[in-house]
Amino acid sequence: MAGLKKANGARVVNVSSLGHQFAPFDFEDPNFENREYETLAGYGQSKTAINLFSLELDNRAKDFQVRAYSLHPGNIMGTELAREASPEIFHQLGLSDEKGDFLPEFAASLKTIPQGAATTIWCATSPLLNNLGGVYCEDADVAGLATAEGISDGVKPYAVDETNAKRLWDLTEEMLGITFNVD
């Protein structure tokens with residue numbers, strides 16, 4: 001944290017995903033010890049945690065000119081991110097047909113790797129974020145709330161809830177036995 005403070009205007013950019021919409025963070029069972037592990041719930045919970053961490057870091061560090069952001073880079077073609085994912089997962093997500101072929105509307109939405117990097121770079125450099133932090137971004141902009149059922153653009157309210165963000169920070173400190181002092 002000392003290095004970030006010395007930067008006199010540092011930004012912490014955390015790459016999350018639209019996958020946060022698969023699940024809120026489960027404070028009662030974060031490690032799936034009392035329920036069966038489910039891949040999409042685990043992925044969604046981890047991405048929600050990134051959003052909440054970014055929000056709480058921003059809340060704690062903004063007085064020191066350290067801002068934090070989370071983002072969805074888009075669905076990017078040409079990475080190895082999904083190499084271990086089964087075809088059933090894509091079908092379950094509504095992204096492919098029963099044969100495993102991507103649906104045309106999903107294929108048309110895929111970004112190149114440089115296009116996928118754009119929002120990360122925007123969060124790190126845009127003057128439009130000079131006085132704003134703790135937000136979730138997509139498509140080189142601050143995302144709106146996703147209040148509809150199902151998966152859509154935007155961020156689910158539970159993933160930018162200030163009470164949940166503080167609770168996750170406190171739980172993290174408790175689980176690690178470490179107190180992270182920002183000041």
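1. R60 is partly exposed, with a relative accessible area of 25%. The model discussed here is a predicted one. R60 forms a salt bridge with D170, in which the closest N and O atoms are 3.7 Å apart. This pair links distant parts of the chain, since R60 belongs to helix α2 and D170 to helix α6, 110 residues apart. D170 counts as partly exposed because its relative accessible area is 31%.

2. R60 also forms a salt bridge with E56, and here the closest N and O atoms are 2.6 Å apart. The two residues are 4 residues apart in helix α2, so about one helical turn separates them. E56 has a relative accessible area of 7% and is therefore buried. A network of salt bridges links E56, R60, K166 and D170.

3. How do the axes of α2 and α6 cross, and how close do they come? They come within 8 Å and cross at roughly 90°, so α2 is roughly perpendicular to α6. On the α2 side the contact is made by A49, L52, F53, L55, E56, L57, N59 and R60; on the α6 side it is made by E162, N164, A165, K166, L168, W169 and D170. By class, this contact of α2 with α6 has 8 nonpolar, 2 polar and 5 charged residues.

4. Leaving out residues up to four places away in sequence, L168 touches F25, F27, A49, L52 and F53. The C-alpha atoms of L168 and I50 are separated by 10.0 Å, although these residues are 118 residues apart along the chain.

5. The count of salt bridges comes to 8. One of them joins R167 and E28, with the closest N and O atoms 3.0 Å apart. R167 lies in helix α6 and E28 in the loop between β1 and α2, so the pair ties together parts that are 139 residues apart in sequence. R167 is partly exposed, at a relative accessible area of 39%, whereas E28 counts as exposed at 63% relative accessibility.

6. K47 is placed in helix α2, which covers residues 39-61. Is K47 buried or exposed? K47 is buried, yet has no salt bridge. The nearest side chain of opposite charge, that of E138, is 14 Å away. Neighbours within four places in sequence aside, K47 is in contact with V15, S16, S17, G19 and H20.

7. Y37 is found in the loop between β1 and α2. Its relative accessibility of 51% is over 50%, and Y37 therefore counts as exposed. Not counting residues up to four places away in sequence, Y37 touches F32 and G42. From C-alpha to C-alpha, Y37 and E84 are 16 Å apart in space and 47 residues apart in sequence.

8. Two backbone angles remain to be noted. N8 has a positive phi, near 55°, in a residue other than glycine; N8 lies in the loop between α1 and β1 and is exposed, with a relative accessible area of 58%. A140 likewise is not a glycine and has a positive phi of about 55°. A140 is placed in the loop between β3 and β4, and counts as partly exposed at 31% relative accessibility.

Conventions:
Residues numbered from 1 in each chain as written. Predicted model: local features only at pLDDT ≥ 70, side-chain atom pairs only at ≥ 80, totals over all residues. Heavy atoms only, no water. Buried < 20%, exposed > 50% of the residue type's maximum accessible area, 1.4 Å probe, protein only. Lys, Arg positive; Asp, Glu negative; His and termini not counted. Salt bridge = Lys/Arg side-chain N within 4 Å of Asp/Glu carboxyl O. Contact = heavy atoms within 4.5 Å. Axes fitted to C-alpha atoms, helices over the stretch in contact; angles between N-to-C directions. Parallel < 35°, antiparallel > 145°, perpendicular 65-115°, else oblique. Nonpolar A, V, L, I, M, F, W, Y, C, P; charged D, E, K, R; others polar.
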